[in-house]
Amino acid sequence: MELIIDAEYFSQRIQCSRDDKEECLYTVRLLLELAVAAREKGILALDQMMEEHPARYSSPFLRKAVQLIVDVGNADHIRKVLYNTIFASNYFGRKFLTSVVITETVLAIQRQEDLDYIFRSLIPSYFGMEFERNAVQVYERYRALRPKPKKEQKAPEEGAEL
């Protein structure tokens, strides 16, 4: 079975209120943490994060998505399973938006896409023009508040004063 998403079906299901979109931004923040961890420590680190922080990553759909990218190497298989789950669950509004954002983000993480692309372009595109800036701000705030990695300090040259 090939996954074909009808644009009208998709656009009807993803419609939700500003409050629903605002709630979805928390999930975007969690996905950003996972994406950074995957970049710095590898995909397997995501499984460890899920185990260490079950309350923080409590969404069953998010947990399923992460488990799939850890266990299944084929992006097409992951996409089919996640979208089949969305369709079978008959999601609308906030749940549909959140599930699509999770799906597309974990697929981008699995493909090792650039974080700027994922969080400045891809994910905000699901929020619509009037709200996409709010989604981008999640990424910008995270980057501004995140401690910068320490640069390796050079050993003093021989004979240099300490």
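A word on naming before the first click: helices (H or I, at least four residues) and strands (E, at least two) are DSSP runs, numbered from the N terminus. This is a predicted model, in which local features need pLDDT of at least 70 and side-chain atom pairs count only at pLDDT 80 or more, while totals for chains, interfaces and linings use all residues. Residues are numbered from 1 along each chain as its sequence is written, and side-chain values use heavy atoms, with hydrogens and water left out.

**Stop 1: colour by confidence**

Colour by pLDDT, the predictor's confidence in each residue, from 0 to 100. The protein chain averages 88, and 87% of the residues score at least 70. Now select residues 152-157: pLDDT stays under 50 there, and the model has one contact (heavy atoms within 4.5 Å) beyond four places in sequence for them. Where pLDDT is low, the predicted coordinates should not be read in detail.

**Stop 2: two loops with positive phi**

Select Asn90, in the loop between helix 5 and helix 6. Its phi is near 55 degrees, a positive value in a residue other than glycine. Most residues other than glycine have a negative phi. Asn90 has a relative accessible area of 44%, so it is partly exposed; the scale here is buried under 20%, exposed over 50% and partly exposed in between, with a 1.4 Å probe and protein chains only.

Next, jump to Gln112, in the loop between helix 6 and helix 7. Phi of Gln112 is near 60 degrees, again positive in a residue other than glycine. Gln112 is exposed, at 64% relative accessible area.

**Stop 3: helix 4**

Show residues 60-71, which make up helix 4. For the 12 residues of helix 4 that gives 16 Å, and the end C-alpha atoms are 16 Å apart, which agrees.

Which residues of helix 4 are buried? Pick out Phe61, Leu62, Ala65, Val66, Leu68, Ile69 and Val70. What covers them includes helix 2 (18-41), helix 3 (44-52), helix 5 (75-89) and helix 6 (93-110).

Zoom in on Leu68, which counts as buried at 15% relative accessibility. Leaving aside neighbours within four places in sequence, Leu68 is in contact with Ile78, Val81 and Leu82. Draw a distance from Leu68 to Val81, 13 residues along the chain: their C-alpha atoms are separated by 8.7 Å.

**Stop 4: salt bridges**

The structure holds 10 salt bridges, each one a side-chain nitrogen of Lys or Arg within 4 Å of a carboxyl oxygen of Asp or Glu. Start with Lys21 and Glu130, whose side chains meet at 2.7 Å, N to O. Lys21 lies in helix 2 and Glu130 in the loop between helix 7 (115-122) and helix 8 (132-145), so this pair ties together parts that are 109 residues apart in sequence. Buried or exposed, which is Lys21? Lys21 is buried, with a relative accessible area of 10%, whereas Glu130 is exposed at 53%.

Arg133 and Glu140 come next, with their closest N and O atoms 2.8 Å apart. Arg133 is partly exposed at 43% relative accessibility, and Glu140 is partly exposed at 29%. Then select Asp20, Glu23 and Arg94 together: salt bridges link them in a network.

**Stop 5**

Click Asn134, in helix 8. Not counting residues up to four places away in sequence, Asn134 touches Arg18, Glu22 and Leu25. Asn134 and Leu25 are 109 residues apart in sequence but 8.1 Å apart in space, C-alpha to C-alpha.

Note on methods:
The expected span of a helix is 1.5 Å times one less than its number of residues.
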